[in-house]
Amino acid sequence: TIQAAADIEFDPAKAYNAAQKVWSDDTGFTVYALNGPQARAHFKEIAALRTSSFAGYPYLYAGTEEYEKEYLETYFNSFIGKVYLGFHHGKVVAFSNLIPLKDMSFEFQIPFIESNIDIDNIMYLGEAILAPEYQHKKTHLINDILTIQEQYACEKHYKQIVFMAVMRPDDHPQKPADYVSLDTMFIKFGFNQYENIFIQISWTQRDTSLETDNILAVWQKNL
């Protein structure tokens, strides 16, 4: 069982010794950029936020601590990659990451390689998560984090950022009546969808309790 992020006390002194503060405001929100070892110390907070955020539609992700450890270790092992943690008065409320695509598992790289795209020039944006209770209070925060990530990618001479988003049919039985597609937001942030590149990733779904292959669209932004 993964403890809910809201129930975890956050200790900035433990987390951010030697980490880089990259954003703050006058209401108690702060964002830090962490390297792998620094981020690994906060696995539970990151896993809790990921699991709660992806549990609903469209991901329907039934997270386990074992899966989270295996997945997040890729981020923690990246020499160039960064993990971005945002907190508000001692609690984690935001998580994002940026990692060279070549540091991800081969299943993430294959579609690019098959399309003759040079993955050495690509940064992978795995998540940009804001806790639900803050989504209407800090709508600009994710945009600000993305801007910081773009600056970092440019400093490291990368030419493109990509991320993946799960695809669901319009008539999916778990789709809420008031669901609004995030495609408009992706476009607003300057991303465009690759027409012929898709990723197949499996995870256990809440609606079936089975590990299921899922197709993800790939979105890209040139730097």
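**Charged pairs and their surroundings**

Guide: Lys44 has a relative accessibility of 47%, so it counts as partly exposed. This value, like all the others here, is computed from a predicted model. The side chain of Lys44 forms a salt bridge with that of Glu65, with an N to O distance of 3.9 Å. Because Lys44 belongs to helix H3 (residues 43-54) and Glu65 to helix H4, this pair ties together parts of the chain that are 21 residues apart in sequence. Glu65 is also partly exposed, at 24% relative accessibility; the limit for counting as buried is under 20%.

Glu65 has another partner, Lys69, and here the closest N and O atoms are 3.5 Å apart. This second pair stays inside helix H4: the two residues are 4 apart, so about one helical turn separates Glu65 from Lys69. An α-helix has 3.6 residues a turn, so residues three or four places apart point the same way. Lys69 is partly exposed, at 45% relative accessibility. Taken together, Lys44, Glu65 and Lys69 are linked in a network of salt bridges.

The next pair is Arg50 and Glu68, whose closest N and O atoms are 2.7 Å apart in a salt bridge. Arg50 is in helix H3 and Glu68 in helix H4, 18 residues apart, so this pair too links distant parts of the chain. Both Arg50 and Glu68 are buried, whereas Lys44 is partly exposed.

Aromatic rings come next. There are 14 aromatic pairs in the model. One of them is Phe54 with Tyr59: the ring centres are 4.8 Å apart and the planes meet at 50 degrees, so the pair is tilted. Phe54 is buried, at 15% relative accessibility, and Tyr59 is buried as well, at 19%. Elsewhere, ring pairs join Tyr61, Tyr67, Tyr71 and Tyr75 into a cluster.

Helix H5 covers residues 106-114, and Phe108, Gln109, Pro111 and Phe112 are buried in it. Viewed down the helix axis, these buried residues fall within an arc of 155 degrees, so they line one face of H5. The face turned away from the buried side carries Phe106 and Glu114, which are exposed. After H5 comes Asn116, which has a positive phi, near 60 degrees.

Asn214 is buried, with a relative accessible area of 2%. Its side chain makes a polar contact of 2.8 Å with the side chain of Arg168, and the side chain of Asn214 also reaches the backbone oxygen of Thr212, at 3.0 Å. With neighbours within four places in sequence set aside, the residues in contact with Asn214 are Val166, Arg168, Ile199, Gln200, Ile201, Trp203 and Gln205.

The last stop is strand S3 (residues 82-88). In S3, 7 of the 7 residues are buried, so the strand is largely enclosed by the rest of the structure. Lys82, Tyr84, Gly86 and His88 point one way from the strand, while Val83, Leu85 and Phe87 point the other way. Strand S2 (residues 29-34) runs antiparallel to S3 and is joined to it by 6 bridges; there, Thr30 stands opposite Phe87. Strand S4 (residues 91-100) is also antiparallel to S3, with 7 bridges between the two, and Ala94 in S4 is the bridge partner of Gly86. S3 and S4 form a hairpin with 2 residues between the strands, in which His89 takes a positive phi near 50 degrees.

Notes
Residues are numbered from 1 along each chain as its sequence is written. This is a predicted model: local features need pLDDT of at least 70, side-chain atom pairs count only at pLDDT 80 or more; totals for chains, interfaces and linings use all residues. Side-chain values use heavy atoms; hydrogens and water are left out. Buried means under 20% relative accessible area, exposed over 50%, partly exposed in between (1.4 Å probe, protein chains only). The arc is that of the directions from the helix axis to the C-beta atoms. Two strands pair if DSSP finds at least two bridges between them. A salt bridge is a side-chain nitrogen of Lys or Arg within 4 Å of a carboxyl oxygen of Asp or Glu. A polar contact is a pair of N or O atoms within 3.5 Å; within protein, one must be able to donate a hydrogen and the other to accept it, and residues adjacent in sequence count only if both atoms are side-chain atoms. Contact means heavy atoms within 4.5 Å. Rings of Phe, Tyr and Trp (its six-membered ring) pair if their centres lie within 6.5 Å; planes under 30 degrees apart count as stacked, over 60 as edge-to-face and the rest as tilted.
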